[in-house]
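Welcome, and thanks for taking a look at this one with us.

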2 protein chains.
Amino acid sequence: MAMEVELKEMLDEIQSLKQSLPDSSKSSIDKLQLYVKRLTDLVKSVPVRRPKLKDMSAEVVDSNPYSRLMALQRMGIVENYERIREYSVAIVGIGGVGSVAAEMLTRCGIGRLLLYDYDKVELANMNRLFFRPEQAGMTKTDAAVQTLQDINPDVVLESYTLNITTVQGFETFMSSLGNKTFRPEKEGSGVDLVLSCVDNYEARMVVNQACNELNQTWMESGVSEDAVSGHIQLLIPGETACFACAPPLVVASGVDERTLKREGVCAASLPTTMGVVAGLLVQNTLKYLLKFGHVSPYLGYNSLKDYFPTMEMRPNPQCSNAACLDRQKEYLLVKPARDAAKAKMEAEALLVAEGPLHADNEWNISIVDDSEIDVKDVSSSDTLPEGLTRELPIADEFSRLPASGPSDMSMDDLEELRKQLEALNAD
Amino acid sequence: MAMEVELKEMLDEIQSLKQSLPDSSKSSIDKLQLYVKRLTDLVKSVPVRRPKLKDMSAEVVDSNPYSRLMALQRMGIVENYERIREYSVAIVGIGGVGSVAAEMLTRCGIGRLLLYDYDKVELANMNRLFFRPEQAGMTKTDAAVQTLQDINPDVVLESYTLNITTVQGFETFMSSLGNKTFRPEKEGSGVDLVLSCVDNYEARMVVNQACNELNQTWMESGVSEDAVSGHIQLLIPGETACFACAPPLVVASGVDERTLKREGVCAASLPTTMGVVAGLLVQNTLKYLLKFGHVSPYLGYNSLKDYFPTMEMRPNPQCSNAACLDRQKEYLLVKPARDAAKAKMEAEALLVAEGPLHADNEWNISIVDDSEIDVKDVSSSDTLPEGLTRELPIADEFSRLPASGPSDMSMDDLEELRKQLEALNAD
């Protein structure tokens, strides 16, 4: 816009000059005016942002950026896609995974995105998707906002250029998660989900601390330093293991890039692995927010074998994190009521499912019978997923606890927890 | 650049005007000169592309766009990463999957990319990664080249704005795949791999025809219309099933978008599913080209269950595609020599593996023992992967043939093929 203003002022200047000059100089002035006009046209050909859209339309026209998303309703996948506009998602770490996750959520039309990073874009990041070479030197948050605003002006973007592992950074992190002005009627914190896309152990522990304190559901993600494997994990305070619940499980990607750089060594990374992990992470996010499909508690990606391990981890009653223990106690108190409500919902869903799911199957889509597919990918208790390695002997004891599904939580009462504790201490 | 030229000419014009004018008008002329100078500065602040890099450096500095990729060598994943610069990959269909695949390969520093599409960018495509709203109206090939050139000027980009399903388009497609000026010493066609990222059955059959005729290895990809599942598949003419080998297996995503639009209906799509499929496709491509890990013959993605079916399909000796039958005959002739060479290589690899793989484990990476993980994800003969549905009774017979692994190809001689043929005809 700066150029358009300059050009307009310049045209005025030429106009006033023209009136004061002899006719002999007029041809030269005409030429100048022509130059300014051509420049103005060139400036105008630089694109402008599309206007904000008040509603998500399902109309099938080329100009509708939401037609392919609203089609999820017609397909019977999502009941109410437009609800996505009510949700706030915080993404911590706008690197190889976080930036792509942010772009996916932006293109999906998420209501509000909160972005946290302290780092700058470097040419060394160009082997991953999202950032462009001309953004080198900008903060990752600024560069991300620049790109995301252009892609979808409907998304409310908040960016925080800070390090959550500092005292000041953590305070801002906590207060921003608590801010409820976007949807004042929302219960709990101001966001619906926190996505951890950081590249080191310390930052993961800080996200874990914040989410345990706020009773905030979050998803963790990571990619190994050899670039060929990764994982995503769902963490519900009190209900699933928190990041501190399983201290012997050390994430291999927990290496601080700053330390590495100093030694002239760096971790490998690939746009493929990071793109897949970001895709799985945001897919799990969409399933969680829009309530469709199965939300994976843990999903690994071993790209060398194209193997995708899954597992579930229950909270550790001996967790070193005090907030986690508080959440565990609260969860045990509300669990009976929750289970009853869930059982009722499942029974109702079953009744509905007995009728025809899609009366008008205009797409002629045949679904492969689920019973034919063996989905039991859940790793045995002896198997650890990608990137995880046992370090303390207690790990074997902890992981040997039955990994039962949510519908089969025989362990989840205080009596059982006490027994479990005793068994652990007996060793 | 157009602006800079205009501004330079304008400055000259003002300079000559200044000399012919009385002193009284000079202040106005000075003002004009200042405007032009400020505009020139504004134009210069628009980013310029980084220079081409002659070699891929492994040096760990922020300004090196290849440091994280060359680190794959240090990590022991890839033997010679820089070989990627010798390879040419053709991508047919620059939509939700193809455009992201192109960006990934560009960021990986692929030698040469050939892009094929006839369609234009629309705002309705903004729910997928890659294209930006300001590119609406451009051809997908032009928009892709614009973006990819800026990301990595080292990649040789060739774009073909054509429909491969037309006679003229198919001819250009074939001749461009055959062009060997990029690497004249290369055997076979001019490209190392073709990636099919199209959205309809007809175009897939055309890619299949071209690759069978050229004896060209290719990978197929697809996403279902309900946006929640997808797949990738490796096709080696004569060695694996071609796209026409299994006519009863109809790909659910084989619907022409143009037909759909006319009816005011469109397929659903998600940036997540398409990003995951593109990531799996390019990961398989990197494994195939740079010779690491296991190249998947087929990998499905069912996002509702996070289930990833795999399978292998052998060529159908009754395939309707004449070129496929020719390739099958050729393959059976060279197979004994190939198997012997492969067995020798595997024996040598085994000898090497007995020594320490990484003497200096500077990363302290522990690998989970493979024997603990059950990788047998290969679907049973009764199970079809995502998006595939049986239509003709012969399908059951065909898919019931033993799906043996590559090391166990008891079927692969003419005698066995004859038996198989008889069994099929006996029905």
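## Briefing on the predicted model

Searching the whole structure turns up 0 disulfides over all chains. Please keep in mind that this is a predicted model. The points below take the cysteines first, then the charged pairs, then the helices.

**Cysteines**

- A:Cys108 is buried, as its relative accessible area is 0%.
- B:Cys245 is in no disulfide either. Its nearest cysteine sulfur, in B:Cys324, is 3.6 Å away, whereas a disulfide needs the two sulfur atoms within 2.5 Å.
- With a relative accessibility of 0%, B:Cys245 also counts as buried.

**Salt bridges between the chains**

- B:Lys31 pairs with A:Glu13 in a salt bridge, and the closest N and O atoms are 3.5 Å apart.
- This pair crosses between chains: B:Lys31 sits in helix H2 (residues 26-44) of chain B, and A:Glu13 in helix H1 (residues 2-20) of chain A.
- Are the two partners buried or exposed? B:Lys31 is partly exposed because its relative accessibility is 45%, while A:Glu13 is buried at 13%.
- A:Lys31 forms a salt bridge with B:Glu13, with 3.6 Å between the closest N and O atoms.
- Here A:Lys31 lies in helix H2 (residues 26-44) of chain A and B:Glu13 in helix H1 (residues 2-20) of chain B, so this pair joins two chains as well.
- A:Lys31 has a relative accessible area of 46% and is therefore partly exposed, whereas B:Glu13, at 13% relative accessibility, counts as buried.

**Salt bridges within a chain**

- B:Arg50 and B:Asp154 form a salt bridge, their closest N and O atoms being 3.2 Å apart.
- Which parts of the chain does this pair link? B:Arg50 is in the loop between H2 and helix H3 (67-74) of chain B, and B:Asp154 is in the loop between helix H5 (140-151) and strand E3 (156-161) of chain B, so the pair links distant parts of the chain, 104 residues apart.
- Both B:Arg50 and B:Asp154 are buried.
- In chain A, salt bridges with shared partners join A:Arg83, A:Glu86, A:Arg183 and A:Asp192 into one network.

**A covered helix in chain A**

- How many residues of helix H4 (residues 98-107) of chain A are buried? The helix is mostly covered, with 10 of its 10 residues buried.
- The buried residues of H4(A) include A:Val100, A:Met104 and A:Leu105, and also A:Glu103 and A:Arg107.
- After H4(A) comes A:Gly109, which has a positive phi, near 80 degrees.

**Two packed helices in chain B**

- Two packed helices are described by the angle and the distance between their axes.
- For helix H6 (residues 167-178) and helix H7 (residues 201-214) of chain B, the axes come within 11 Å and cross at roughly 40 degrees.
- H6(B) and H7(B) are therefore oblique to each other, and H6(B) passes H7(B) in a right-handed crossing.
- Where do they meet? From H6(B), the residues in contact are B:Phe170, B:Phe173, B:Met174 and B:Leu177. Their partners in H7(B) include B:Val206, B:Ala210 and B:Leu214.
- An α-helix has 3.6 residues a turn, so residues three or four places apart point the same way.

Notes: Residues are numbered from 1 along each chain as its sequence is written. Chains are lettered from A and ligands numbered from 1 in the order in which they are written. This is a predicted model: local features need pLDDT of at least 70, side-chain atom pairs count only at pLDDT 80 or more; totals for chains, interfaces and linings use all residues. Side-chain values use heavy atoms; hydrogens and water are left out. Buried means under 20% relative accessible area, exposed over 50%, partly exposed in between (1.4 Å probe, protein chains only). A salt bridge is a side-chain nitrogen of Lys or Arg within 4 Å of a carboxyl oxygen of Asp or Glu. Helices (H or I, at least four residues) and strands (E, at least two) are DSSP runs, numbered from the N terminus. Axes are lines fitted to C-alpha atoms, for helices over the stretch in contact, and angles run from 0 to 180 degrees between N-to-C directions. Angles under 35 degrees count as roughly parallel, over 145 as roughly antiparallel, 65 to 115 as roughly perpendicular and the rest as oblique. A crossing is left-handed if the near helix is turned anticlockwise from the far one by less than a right angle, and right-handed if clockwise. Contact means heavy atoms within 4.5 Å.
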